[in-house]
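Please go through the notes below with the model open.

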Amino acid sequence: MNHHLTRLRVMLTAMVVGSVVVAAHSAEQSPRASQSSSTKVVLLGTGTPAATPDRSGPATAIVVNDTAYLVDFGPGVVRRASAAAAGTGIMALQPTRLQIAFVTHLHSDHTVGFADLIFSPWTLGRRVPLEVYGPRGLKEMSSHLIEAYRVDIDTRTNADGNQRSFPDGYKVNAHEIIAGVVYKDTNVTVTAFATKHAMESYGYRFDTPDRSIVISGDTNPTQATVDACRGCDVLIHEVHTSAWLAARPEAGGAPPGTFRRFSEKYHTTTEQLAEIAQRAKPRLLILYHYNSLTPEELQSDMMKHYSGQFVIGRDLDVY
Ligand SMILES: [Zn+2]
Ligand SMILES: [Zn+2]
């Protein structure tokens, strides 16, 4: 049995069957990918900057007709994708097939897996450049990373190099975006919307033949998120609890209240997320990039404010 199903969780049991969500209170959360849907949401990393061993850095995969579209590449992204491919049989998540990614913003917790995503799949045989979409600064980040690994690239592509026959696999085509439709192919239309964070930042809506999926990235509550969803099938949203925020010690000895003030401007509490979800009306709400004292606290805190269907996202869950 999948280890996720054996782990005790005080959460909702959510079964997504076709496009119908059935939820019941239970000590276990048993995520089920939609049986009739060809689109799958795979949570590769639900964590935050905190180095929590079982919650990798923020990364989500939308898989449509055997193609994976990543959103964010926090630490551990390639290994989590590999684990998902091995554990769920979603072969589009094999490392060499990771070829398209979108980034919500350039904070390090969402991007320190960028070098991993550029280089690890190449060493395993990816032959094509990585296509990446995101805010201004993405091109520079890409070119700086490639320069940082110049010794590696030169060694692997010189006359003696074991990757000289596929010298394009480490390259990055970085596309700096503005709000609107930023990508379209036969599987998916991807629309970016501006969010409210500490820097230029975007959420994304994916429209596939059978589902609509919205992912917030890091943001304070915004009307743009509500407008992007509007009855969407799945809303994946960041969150934290006020209790966690009150109890959190300041990192690095910063003055008291430093992070709380940052968080009030740039992140979302359970109360605020409940209000967003009540207006946006997703069929399923997935909480990710969360901070709380315990999962139980997050669960009960959210239930106090929101009566719709929601689940606490865990790494390698598939919806
Ligand atoms: Zn951020
Ligand atoms: Zn973040």
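1. Donors are N, O and S atoms within 2.8 Å of the metal (3.2 Å for Na, K and Ca), and sites may look incomplete because water is not among the atoms. Four donors are tetrahedral if all angles lie between 85 and 135 degrees; four are square planar and six octahedral if opposite donors are over 155 degrees apart and all others between 65 and 115; anything else is irregular.

2. This is a predicted model, where local features need pLDDT of at least 70, side-chain atom pairs need 80 or more, and totals for chains, interfaces and linings use all residues. Residues are numbered from 1 along each chain, ligands from 1 in the order written, with chains lettered from A, and side-chain values use heavy atoms, without hydrogens and water.

3. Asp109 (OD), His110 (NE2), Asp218 (OD) and His289 (NE2) coordinate the zinc ion (ligand 2) at 2.1 to 2.2 Å. The angles run from 89 to 160 degrees, so the arrangement is irregular.

4. The zinc ion (ligand 1) sits 3.5 Å from the zinc ion (ligand 2), and Asp218 coordinates both. Asp218 is in the loop between strand E12 (212–215) and helix H7 (223–229), and His289 is in strand E14 (residues 284–291), so the pair ties together parts 71 residues apart in sequence. Helices (H or I, at least four residues) and strands (E, at least two) are DSSP runs, numbered from the N terminus.

5. Asp218 is buried (under 20% relative accessible area; exposed is over 50%, partly exposed in between; 1.4 Å probe, protein chains only), at 2%. His289 is buried too, at 4%.
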